[in-house]
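Good morning. Please have the sequence and the structure open while I talk, and stop me if you lose your place.

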Amino acid sequence: MAASQNDMLSFCVDTTKVSSCVEVRFIDKVKGKGLFAKKAIKKGDTIFVERPLVSSQFLWNSQYKYKACEYCLSALETAEDNSRRLSGNPGLSLPHTELCKVRPELHQACPQCQVMYCSSECRQAAADQYHQALCLGQSQEDPDHPVNKLKDAWRSMHYPPETSSIMLMARMVATVKQAQDKCCWQKLFFQFCSRAANEEEEIAHKLLGEKFQGHLTLLQALFTTALYDDHLDMWFTPEGFRSLFALVGTNGQGIGTSSLSQWVHACDALELSSQQREQLDSFIDQLYKDIEKETGDFLNCEGSGLFLLQSSCNHSCIPKAEASFPNNNFLLHLSALSDISPGEEICISYLDCCQRDRSCHSRQKILRENYLFVCSCPKCVSQMDELDLTSSEEGDDMEEEITDDNALGQSSSDNIKVCTV
């Protein structure tokens, strides 16, 4: 069920601009489709801005009181409230609070279950797309409700730092349930790669192996009890659930939002005297030190989403573009990291900066287990000789670095650095 070019661009903010800039092409059976430039793109240019088909905050992130809009994932705390919680200093006062863009007076709750939204528009959008099918009403805090049992099971299997959410899959089901044109939404979801294994390379997704089979069987049973729908019976069979799990694991893009980050960037843009700039920078530096001491690296409201056009970008260990979320919501900005020529493929990295600095063997191990392919980018090809010499010893190192025996753990989006700026 192939998507048209218009389908692939349909969730972009400016489809006319995007259609003149990029196109999706089928490459081959191994790589599938790819994203290519139709005209010259300069380093730093925003190639496109795209909203997800579905997105969801991570369940532990929500449990730890990172308040985000249930629809667009925008942070709901003001920068000052966010700073107080993260630093553990309830009396902290931020300068220039007028720069914070969070507007609590516009926030709205679902009248039935009380989940929060940043605006009436987001509340209505969620209700129209999926929330009516997922709203728990008065059972929001009932531990015996099937949806809450599913959430609890996921949390017990998938400890922080999180990389995906069972609720992303739930919203896919709920979206089709509510849709008048169910076939249209099914066609959109079917555009994402959902293979659980790469038979040609004899690679299987690491979360679908024997050691996780008990987890998957339990999740499938709870998922079916909570969400079963006749129109989607293929997703509730053992093989269909594995395919759905692989779809989210392989395509889920990490999303990070932060009112504090937005406030800091707004402060950077202020025109100040040298003394005022020094004082403000010193305040911000100390704030981040306090936050690091109290909270560590977990600064953002975090979740994941499925982005149709972005998912067509193939991987390279020397990426031409990267995704970020500068608007404090789920809108993905794909920006050029270097000049891109007409006809050139636009590749991103499925690995974060630290992972890209590892050896070829280490990078290949992550990509095989999470994305089911062997990378043949120029960087990897040039290091193949080194790989042959060092694979044995580095393989032992990676076993220590990437193990997850006690939890359902790291799905593919663990390798996508959640970026807010």
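I will begin with a single residue in a loop. Lys65 sits in the loop between helix 3 (59-63) and helix 4 (79-87). Keep in mind throughout that this is a predicted model. Lys65 is not a glycine, yet its phi is positive, at about 70°. Is Lys65 buried or exposed? Its relative accessibility is 56%, so Lys65 counts as exposed; the cut-off for that class is over 50%.

A second residue belongs in this part of the talk. His96 lies in the loop between helix 4 and strand 5 (108-109). His96 also has a positive phi, near 55°, and is a residue other than glycine. With a relative accessibility of 29%, His96 counts as partly exposed, because that class runs between 20% and 50%.

Now the sheets. As a reminder, strands of a sheet pair through backbone hydrogen bonds, and the pairing can be parallel or antiparallel.

Take the sheet with the strand order 3-12-11. This is an open sheet of 3 strands, with antiparallel pairing. Which strands are at the edges? They are strand 3 (46-50) and strand 11 (321-324), and each of them pairs on one side only. Neighbouring strands here are turned against each other by 20° on average, if direction is ignored. Strand 3 is joined to strand 12 (residues 332-336) by 4 bridges, and the two run antiparallel. To find one of these pairs on the screen, look for Phe48, whose bridge partner in strand 12 is Leu334.

The next sheet has the order 4-10-9. It is an open sheet of 3 strands, and its pairing is antiparallel. Its edges are strand 4 (54-57) and strand 9 (253-257), each with pairing on one side only. Strand 9 and strand 10 (residues 301-306) run antiparallel and are joined by 5 bridges. In that pairing, Ile255 stands opposite Gly303 of strand 10.

Which helix packs on this sheet? It is helix 7 (residues 166-178), which touches strand 4 and strand 10, and the direction of helix 7 makes about 140° with that of strand 4.

Helix 7 also meets other helices, and I will go through two of those contacts.

Start with helix 10 (residues 238-251). The axes of helix 7 and helix 10 come within 10 Å and cross at roughly 115°. The two helices are therefore roughly perpendicular to each other. Their crossing is right-handed. On the helix 7 side the contact is made by Ile166, Leu168, Met169 and Met172, and on the helix 10 side by Phe241, Leu244, Phe245, Leu247 and Val248. By class, this contact has 9 nonpolar residues, no polar ones and no charged ones.

Then there is helix 8 (residues 182-189). Its axis and that of helix 7 come within 8 Å and cross at roughly 155°. That makes helix 7 roughly antiparallel to helix 8, because angles over 145 degrees fall in that class. This crossing, too, is right-handed. Met172, Thr175, Val176, Lys177 and Gln178 of helix 7 meet Lys182, Trp185, Gln186 and Phe189 of helix 8.

Met172 takes part in the contact with helix 10 and in the contact with helix 8.

How values were computed: Residues are numbered from 1 along each chain as its sequence is written. This is a predicted model: local features need pLDDT of at least 70, side-chain atom pairs count only at pLDDT 80 or more; totals for chains, interfaces and linings use all residues. Side-chain values use heavy atoms; hydrogens and water are left out. Two strands pair if DSSP finds at least two bridges between them. Contact means heavy atoms within 4.5 Å. Axes are lines fitted to C-alpha atoms, for helices over the stretch in contact, and angles run from 0 to 180 degrees between N-to-C directions. Angles under 35 degrees count as roughly parallel, over 145 as roughly antiparallel, 65 to 115 as roughly perpendicular and the rest as oblique. A crossing is left-handed if the near helix is turned anticlockwise from the far one by less than a right angle, and right-handed if clockwise. Ala, Val, Leu, Ile, Met, Phe, Trp, Tyr, Cys and Pro count as nonpolar, Asp, Glu, Lys and Arg as charged, and the others, Gly among them, as polar. Buried means under 20% relative accessible area, exposed over 50%, partly exposed in between (1.4 Å probe, protein chains only).
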